[in-house]
Amino acid sequence: MRDLVNIAIILATLLWTSPALQAQVNAEQVINIGRNVMSMDDYMLSIQYFNQAIKAKPYLAEPYFYRALAKLQLEDYKGAEADATLSLQRNKFRTETYRLRGFARQVQGLDSLAITDYVSGLRYNPRDKYMLYYKGVAETETGRYDDADSTFHTLLEMYPHFEEGLAGRGRLNAVRGDTAAAIADLDLAIANNALNTQTYLLRAELNTKLLKWEEALKDMDNVIRLQPRESDLYLNRAFVRYNLDDFFGAMSDYNYALELNPGNEAALFNRALLRYEVKDLDRSAADLTEVLKMDPTNFHARFNLGLVNLQRKKPREAAVQFAEILKRYPRYHNGYYAMAEAYRNMGDMRSAMSYARQGDDLVRKYVHNPTSHPLDRPAIQSGLANAGKKARDNDDEDENEVMDRFNRLVTVSASDETSLSYDDKIKGRVQDRDMNIQPLEGFSLTFAAAAATLDNKPVYFREMDDFNNRGWAARRLYLVSGPSVTEQEAESLFALATSLDSKDAAGTATAADYLSLGVARSTLKDYEAAVKAFNKALGKNASLATAYVGRADALLKADSQQSRLALADYDKALDIDPRLAFAWLNKGNIYYDAGDFTSAIECYTKALQLDGAFGAALYNRGLTYLRIGNRRLAFADLSKAGELGVLPSYNLLKRMK
């Protein structure tokens, strides 16, 4: 046994002293830390770790792959494509790299290049489920329908219950015009996964085309149940309700869409048309005026505002709108007829007849020779949610179709664009923000001051203040709720940590140096290294409350199972300084996460006894009271927290009422 220990010590010594081996170990370690940070959804910081690995070992494929994945999650698709290419140059046999680059290309609209990647990747792994799915979607987008059909057939033979594959084939069938087969596939997809909003949305669109309004309404109800905060979805349901003669329901949907997003141009336009139809003319005009403030080139809103003003007995205002349209579209014959009506209402029959003759003349010339005398057709602006891509791109519509679209409620299409999400074990969080109510984060040590917010007030910590005033720490320390780090700050922290590591290696590091190293490593989310640094700080000085606070935070973030150790550290910090209100808040959050709501309330109350205006403690205690069913005390705390600037309090109060 002793021989084995000696061998291990010798190997460890060799690894530590050999520069080449040390670089390899460091590169692997940095990649692992980067992956862990990425799994916490901090993609910007993870990229900094992969940058470090690339500097150490530029010939490794792995850090380029993970950096590409992080960039993909940040929607930097071109950057992800470039990094995936660099990774493939170093290792062309890694299947997931082809999938990643193909996806990045596909999102950029480079479907043919994406297909090439998927073909290459499937050569090495022909059973890659998502690669087959993405390939089938790309083939559908490029009009290679037979190839897409073959791809989906292969995919669904292997994975017959794969709901995204069924939905993809359903969309292919819809594009090919086989509506019955499309709905059958979508029915199967929903039976396998009743939580995919895109599938419901596509089936609703198909049912709308078949005029099956009741079925379409059920699908839209399901979509909104799953995504209640997406304002555009209410446009689609309003359209269905409108066709079911449920004007009140349609109006309610437009109103709510505008509550969620006051700048939703399509919702304003649709509500204006609906108000026009029910003769609520003044408010219809107000909505159309708002649309034109957002987009003065929206000529179908301008035309409808002119029509509304005619109905409001305001022909001069109507003429102003029609004149604007005719400036841009001088061969738009309906504009001349509208101007004729406006002047007729003003009592100017000579001008009215003149405009009517100009309209007749344009139509006569068009009928005689359409090629030499085309009519202008004011464009439906793409700024609206979606008026139908085919309609926007089609130059062969007749005039009735153009005018119909001028007065049509617009909707969001599920089939014009395919919504893809990259599937990988490491990816960003997908959460329902309405349902996932959590306490406000506790306070952590960092070198960067918090951004200014309504509820952001300085957190006093006497020992930390002493460190700052006497310049003991490497930089000024702060206590911040939910600290984050920019790219520039990360580079600076890496340099600081390296400098402090050198002091440690030379044996010259002080307790303050180790404390600073712990804060730097913790901010960079290397929690294991942070805990080691805080241990060394406490080894030098066991009465450093700041080090206990830092270690507690790092222990908890490294592994939530270490909550007992974290609680013990907060208790030691409170023994040294009993007035640390933030430490009671942090303890309360630990108990809350463990489901011990009674202890959590006790801790938040302790924090409030020390600082009665501690907004975060009020909010968290109010939320905890809600969890145990005490609405009266919950509302009192949340109301007070709102007064102190904790804005989520009002949202929570509104929903609970």
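Tutor: In this predicted model, the contact to examine joins helix 8 and helix 10: Y130, Y133, T140 and E141 of the former meet E164, G165, G168, R171, L172 and V175 of the latter.

Student: What is the make-up of the contact of helix 8 with helix 10, in nonpolar, polar and charged residues?

Tutor: The residues of that contact comprise four nonpolar, three polar and three charged ones.

Student: How is the packing of two helices described?

Tutor: One gives the angle between the axes and the distance between them. Here, helix 8 (residues 129-141) and helix 10 (residues 163-175) pack at about 10 degrees, and their axes lie 10 Å apart. Angles under 35 degrees count as roughly parallel, and helix 8 and helix 10 are therefore roughly parallel to each other.

Student: Let us turn to a single residue. Is S284 buried or exposed?

Tutor: Buried means under 20% relative accessible area. S284 has 0% relative accessibility and therefore counts as buried. The residue belongs to helix 17 (residues 281-294). Leaving aside residues up to four places away in sequence, S284 touches A272, R275, Y276 and V308.

Student: What percentage of the residues of the chain count as buried?

Tutor: Of its 657 residues, 48% count as buried. The accessible surface of the chain is about 32,400 Å², and carbon and sulfur atoms account for 50% of that area.

Student: Which secondary structure does the chain have, and how many elements of each kind?

Tutor: The chain has 34 helices and two strands. Among contacts between residues at least 6 apart in sequence, 56% join residues at least 24 apart.

How values were computed. Residues numbered from 1 in each chain as written. Predicted model: local features only at pLDDT ≥ 70, side-chain atom pairs only at ≥ 80, totals over all residues. Heavy atoms only, no water. Helix = DSSP H or I, 4+ residues; strand = E, 2+ residues; numbered from the N terminus. Buried < 20%, exposed > 50% of the residue type's maximum accessible area, 1.4 Å probe, protein only. Contact = heavy atoms within 4.5 Å. Areas by Shrake-Rupley, 256 points an atom, 1.4 Å probe, with all protein chains shown as cover. Axes fitted to C-alpha atoms, helices over the stretch in contact; angles between N-to-C directions. Parallel < 35°, antiparallel > 145°, perpendicular 65-115°, else oblique. Nonpolar A, V, L, I, M, F, W, Y, C, P; charged D, E, K, R; others polar.
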